Amino acid sequence: MDMEKLQTLDKLPLTEAQETATKLIDRRKTRKVVAMGLERDISNARSSAEVSRIMWQVYLSGNGLGTVGSQWKSFYKGV
């Protein structure tokens, strides 16, 4: 994931932040159903700060620092 883009998501206008975040999702490492859920969450975000929060959680989870017992993760684990 491009750290420079990740660090500037909250400073972008909402639509630009959403487009950038969607492009940051690594399709090779992410299951299709999870990618679709992320895209839905990103498109439903009401601010660029929320888009940034979603992508930081994705980044941390991808590096083994996700939230243990997360409802989001539990739901998509079995799908």
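These questions and answers walk through a predicted model of one chain.

Visitor: What should I know about the numbering and the model?
Guide: Residues are numbered from 1 along each chain as its sequence is written. In this predicted model, local features need pLDDT of at least 70, side-chain atom pairs count only at pLDDT 80 or more, and totals for chains, interfaces and linings use all residues.

Visitor: How many helices and strands does the secondary structure of the chain come to?
Guide: Helices (H or I, at least four residues) and strands (E, at least two) are DSSP runs, numbered from the N terminus. The elements run α-α-α-α-α from that end. The count is 5 helices and 0 strands.

Visitor: What percentage of the residues in the chain is buried?
Guide: Buried means under 20% relative accessible area, exposed over 50%, and partly exposed in between (1.4 Å probe, protein chains only). The chain has 79 residues, and the buried share is 27%.

Visitor: Which residues is I42 in contact with, leaving aside neighbours within four places in sequence?
Guide: Contact means heavy atoms within 4.5 Å. I42 is one of the core residues that touch the most other members. Its partners beyond those neighbours are Q18, A21, T22, I25, V51, I54 and M55.

Visitor: Why do the buried residues of helix 3 lie on the same side?
Guide: The buried residues of helix 3 are V34, A35, G37, L38 and I42. The arc is that of the directions from the helix axis to the C-beta atoms. These residues are on the same side of helix 3 because they cover an arc of only 160°.

Visitor: Is the aromatic pair stacked or edge-to-face?
Guide: Rings of Phe, Tyr and Trp (its six-membered ring) pair if their centres lie within 6.5 Å; planes under 30 degrees apart count as stacked, over 60 as edge-to-face and the rest as tilted. The structure holds 1 aromatic pair. The centres of the W56 and Y59 rings are 5.6 Å apart and their planes are at 90°, so the pair is edge-to-face.

Visitor: Where do W56 and Y59 both lie?
Guide: W56 is partly exposed at 28% relative accessibility. Y59 is partly exposed too, at 26%. They are 3 residues apart, about one turn, and both lie in helix 4 (residues 48-62).

Methods
Side-chain values use heavy atoms; hydrogens and water are left out. A nonpolar core is a set of buried Ala, Val, Leu, Ile, Met, Phe, Trp, Tyr and Cys residues joined through side-chain atoms within 4.5 Å.
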